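Thanks for asking me to look this one over. My notes follow as numbered points, meant to be read with the model open beside you.

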Amino acid sequence: MPHSLIIGGTGKLAGVAVGLAHQGQTVTVVARDSEGLLVLGERIHAVGGRFNAVHHDYRDTALLIDKLDAAAAVHGPYAHVISYINDLSAPQATGLIAQFLDRLNHICHYWDVLNWSAADPALNEDHRTFRAQKFAEQLDHVIYHEVILG
């Protein structure tokens with residue numbers, strides 16, 4: 001069974017988690033909101049999906065990677081990662097998670113969800129271009145995608 005990871009999955013990405021589970025994927029969701037994880041788990045189970053909750057703050061990246069590694073050992077490598085990480089509160093998290101995924105030696109699509117402000121090329125174009133190039137040059141198993149919320 002395909003295994004997907006959603007980071008920040010109890011808010012704007014909750015519908016994505018339910019949709020992936022409905023398609024037959026095991027969905028691991030990382031979130032700080034324990035009540036939100038319970039509600040999301042009920043929604044996923046209601047569509048017959050498989051749900052793995054990881055109650056954790058992604059700003060503690062080292063422990064998060066340990067938890068993601070444990071989830072991959074149980075549910076299989078991640079085919080898709082949809083990540084909504086605030087770069088201001090965890091500037092290194094996206095890169096460290098991507099490096100971890102690359103070490104799993106399994107092709108993984110990494111969907112980097114960014115706030116609408118990221119669409120302002122005057123503010124963020126160099127940073128966004130650098131991230132996409134860095135992923136392409138340094139990671140053999142991670143395919144980077146960018147989504148900007150409008």
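Predicted model: local features only at pLDDT ≥ 70, side-chain atom pairs only at ≥ 80, totals over all residues.

**Notes on the model**

1. Gln-23 sits in the loop between H1 and strand E2 (26–31).

2. Now for the overall layout. The protein has five helices and six strands, and from the N terminus on they run β-α-β-α-β-α-β-α-β-α-β. The radius of gyration is 15 Å, close to the 15 Å that the globule rule gives for 150 residues, so the protein is as compact as a globular protein of that length. Along the principal axes, the C-alpha trace spans about 45 × 30 × 25 Å.

3. How much of the protein is buried? Buried residues account for 44% of the 150 residues. If you take the contacts between residues at least 6 apart in sequence, 66% of them join residues at least 24 apart.

4. On charge, there are 10 positive and 16 negative side chains. The centres of the two sets lie 4 Å apart.

5. In soluble globular proteins, nonpolar side chains tend to be buried together. Here the largest nonpolar core has 25 residues, and those with the most contacts inside it are Tyr-78, Ile-97, Leu-101 and Tyr-110. At least two residues of this core come from each of strand E1 (3–7), helix H3 (61–75), strand E4 (78–83), helix H4 (93–103), strand E5 (108–114) and strand E6 (142–148). Apart from it lies another core, of 17 residues, including Ala-14, Ala-21, Tyr-84 and Val-113.

6. Which residues does Ile-97 touch? Not counting residues up to four places away in sequence, Ile-97 touches Ile-7, Leu-64, Ile-65, Leu-68, Ile-85 and Tyr-110.

7. Next, the loop between E1 and helix H1 (14–22), where you will find Gly-8. With a relative accessible area of 22%, Gly-8 is partly exposed, because buried means under 20%. Leaving aside neighbours within four places in sequence, Gly-8 is in contact with Leu-13, Val-30 and Tyr-84. The C-alpha atoms of Gly-8 and Ala-136 are separated by 24 Å, and the two residues are 128 apart along the chain.

8. Asn-115 lies in the loop between E5 and helix H5 (121–138). Is Asn-115 buried, partly exposed or exposed? With a relative accessible area of 36%, Asn-115 is partly exposed. Leaving aside neighbours within four places in sequence, Asn-115 is in contact with Tyr-84, Ile-148 and Leu-149. Asn-86 is 29 residues from Asn-115 in sequence, and their C-alpha atoms are 8.5 Å apart.

9. Last, a backbone detail to check on screen. Asn-105 has a positive phi of about 55° although it is not a glycine. Asn-105 belongs to the loop between H4 and E5, and it is exposed, with a relative accessible area of 57%.

Technical notes: Residues numbered from 1 in each chain as written. Heavy atoms only, no water. Helix = DSSP H or I, 4+ residues; strand = E, 2+ residues; numbered from the N terminus. Rg over C-alpha atoms; globule rule 2.2 N^0.38 Å. Buried < 20%, exposed > 50% of the residue type's maximum accessible area, 1.4 Å probe, protein only. Contact = heavy atoms within 4.5 Å. Lys, Arg positive; Asp, Glu negative; His and termini not counted. Charge placed at Lys NZ, Arg CZ, Asp CG, Glu CD. Core = buried A, V, L, I, M, F, W, Y, C linked by side-chain atoms within 4.5 Å.
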